[in-house]
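Colleague: Please pick one part of this model and go through it closely, giving the cut-offs as you use them. I would also like to see how that part sits beside some other details of the chain.

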Amino acid sequence: MQRAELAIIGGGLVGASLALALQDAARARGWRICLIEPFAPGGGYQPSYDARSTALSYGSRLIYQRLGLWPAIAQRAEPILQIHVSDRGRFAAARLSAAQEGVPALGYVVENAWIGDCLWRALDAEVVSWRCPAEVSRLDALGNGYRLTLDDDSQLDCDLAILADGGRSGLREQLGIGVSRTPYGQTALIANISPQQAHRGQAFERFTEDGPMALLPLADNRCALVWTRSCADAERLLRLDEAGFLDELQQAFGYRLGALRQVGARNLYPLTLIEAEEQVRPHLVVLGNAAHSLHPIAGQGYNLSLRDTLALAETLLDSHAPLGDFATLQRYVRRQHSDQQLTVGFSDRVTRLFSSGEPLLAAGRNLGLLGLDLLPPAKHWFARQAMGLGTRSL
Ligand SMILES: Cc1cc2nc3c(=O)[nH]c(=O)nc-3n(C[C@H](O)[C@H](O)[C@H](O)COP(=O)(O)OP(=O)(O)OC[C@H]3O[C@@H](n4cnc5c(N)ncnc54)[C@H](O)[C@@H]3O)c2cc1C
C-alpha cells in the first residue's frame with residue numbers, strides 16, 4: 001500500500017499548479033505529494049500549429065511570478081496589449097489598452113502544452129511523485145483521509161485528496177457531489193488562424209447575432225480563435241473545407257487583420273456552466289474545472305482556478321491543524337467565495353449579453369460598449385475584471 005500526505009487526482013494545469021505551489025513547504029514539512037494522471041506528460045513541448053491556448057490574465061502572471069515559473073512561461077507568452085470589443089453591424093466599439101491601465105500587458109496568450117511543460121519541469125521529483133499513466137477508478141473515505149484505488153488495482157492512502165480531474169469528473173459523481181448545470185445551447189469552435197497582417201498584440205472580442213467570437217494574439221503571428229455558435233452551426237462549420245471556413249470567418253470578423261489565410265485543426269467544445277454543489281469535505285477538496293467550468297469566451301475559467309489554487313495552498317500552509325482538517329478547508333471556501341461568485345457571474349453575464357440577438361438587449365449592448373469607451377471608470381472596472389484583478393489585490 002502506497003502512502004502520501006497529499007494525493008492530487010488529475011495532473012492537468014490546475015493539479016500541477018497546486019503541486020508547484022505546495023512543493024517548497026512540502027519539502028520542509030516532510031509531506032509527500034502524489035500526482036495521478038492518465039496521460040503521460042513526457043516528450044517535452046513540441047511547437048504545433050494546432051495547439052490549444054489559454055489567455056492568462058495579468059493576475060495569473062503575478063501568481064506564476066510568485067511561484068517562480070513566470071520567466072519560463074514568458075518565453076512563449078504573447079502579450080495582449082489591446083482588447084478591441086465590437087458588435088457586428090453596430091457602431092459602438094470599446095478599446096482597452098495596457099498602457100491606459102498602467103500594466104505591461106492586459107494578459108498573455110500561451111499554448112496549454114507550453115504551460116504544462118513548464119510546470120512539469122519545475123516539479124521536484126523528490127517531493128512530487130507521478131503515477132502516470134494511471135487513473136483513479138475509486139475513492140473511499142477513511143476516518144482520517146481517503147483511499148484511492150487505481151486502474152491497475154493498486155491503492156494509495158492519503159490525508160488530503162484533491163479532485164482536479166476536470167469538468168466531466170466521474171469521481172465527483174461517484175462521491176455523490178451534486179452539480180448545477182446551465183447549458184448555454186452553444187458550442188465553442190477552436191482553431192488557430194494566420195492573418196495577413198501582424199496582430200501587434202491586439203485581441204478582438206466580437207459579438208455577432210450568431211454568437212460571440214474571440215481572436216487572440218499568439219506567438220509566431222498566429223491567432224487563437226474561439227468562435228461560439230449554436231451546436232448545429234458549429235458542426236456545420238467544422239465540416240466546411242478550409243476555403244469555405246475562412247470565407248465565413250472573414251465575413252463575421254471583418255478585415256481588421258487583413259485576409260485570414262490559414263486555419264489549423266478545428267475542435268468543438270459544447271458549452272455548459274457547471275458548478276459543484278460542494279467543494280470541500282473532510283480530507284477532500286474539489287478544484288479547477290471539477291469545481292466550476294465556465295464559458296470560455298470571457299477567458300476566466302483557468303484564471304479563476306489558479307487564484308483558487310493559490311488561496312488553497314496558502315490556507316493549508318497557514319493552518320496549524322492536521323492536513324485535511326475540515327475547518328481549514330472551509331476557510332479556503334469562504335476565502336474564495338466572493339471571487340468565485342463574481343467571476344462566474346461576470347463571465348455568465350458577459351456571455352448572455354453578448355450572445356443575444358434580441359433587439360433590446362443588442363441596443364443595450366451597443367450603449368454599453370459606447371459607455372465603456374467613453375467612461376474611464378467603467379472601462380477600468382471591466383479591464384480589472386478581465387485581468388483577474390477585480391476582487392483582490394495580488
Ligand atoms: C475551448 C476552451 C478555451 C478556454 N480558454 C480559456 C482561456 O483563455 N482562459 C482561461 O482562463 N480559461 C480558459 N478555458 C478554461 C480552462 O481550459 C480550464 O479552466 C482548465 O483547463 C481547467 O483545468 P483543470 O486542470 O481543472 O482540468 P483539465 O484541464 O480538464 O484537467 C483534468 C486532468 O485530470 C485528468 N483526469 C481525468 N480523470 C482522471 C482520473 N479518474 N484519475 C486521474 N486523472 C484524471 C485528465 O487527464 C486531465 O489531465 C478554456 C476552456 C475551453 C473549453
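Modeller: C223 is buried, at a relative accessible area of 1% (buried is under 20%, exposed over 50%, partly exposed in between, with a 1.4 Å probe and protein chains only). The model is predicted, so local features need pLDDT of at least 70 and side-chain atom pairs pLDDT 80 or more, while totals for chains, interfaces and linings use all residues. Residues are numbered from 1 along each chain as its sequence is written, and side-chain values use heavy atoms, without hydrogens or water.

C34 is also buried, with a relative accessible area of 0%. The count of disulfides is zero (a disulfide being a pair of cysteine sulfur atoms within 2.5 Å). For C34, which is in no disulfide, the nearest cysteine sulfur is that of C158, 9.0 Å away.

The part for a close look is an open sheet of three strands, in the order β3-β7-β4 with antiparallel pairing. Strands are DSSP runs of E, at least two residues, and helices are runs of H or I, at least four, both numbered from the N terminus; two strands pair if DSSP finds at least two bridges between them. β3 (53-57) and β4 (78-80) stand at the edges with a single partner strand each, so one side of each has no neighbour in the sheet. From one strand to the next, the twist averages 30°. Five bridges join β3 to β7 (residues 107-111) in the antiparallel sense, and T54 stands opposite V110 in β7.

Helix α2 (residues 58-66) lies across β3 and β7, at about 85° to β3. That angle runs from 0 to 180 degrees between N-to-C directions, with axes as lines fitted to C-alpha atoms, for helices over the stretch in contact.

For the setting, the chain has twelve helices and 20 strands, and 56% of its 394 residues are buried. Its accessible surface (Shrake-Rupley method, 1.4 Å probe; for residues, only the protein chains shown count as cover) is about 16300 Å², with 52% belonging to carbon and sulfur atoms. Among contacts (heavy atoms within 4.5 Å) between residues at least 6 apart in sequence, 75% join residues at least 24 apart.

T315 lies in helix α9 (residues 301-318) and is buried, at 7% relative accessible area. A polar atom of the T315 side chain is 2.6 Å from the backbone oxygen of A311. Leaving aside neighbours within four places in sequence, T315 contacts T328, R331, Y332 and R335.

Notes: Polar contact = N/O pair within 3.5 Å; in protein donor to acceptor, adjacent residues only side chain to side chain.
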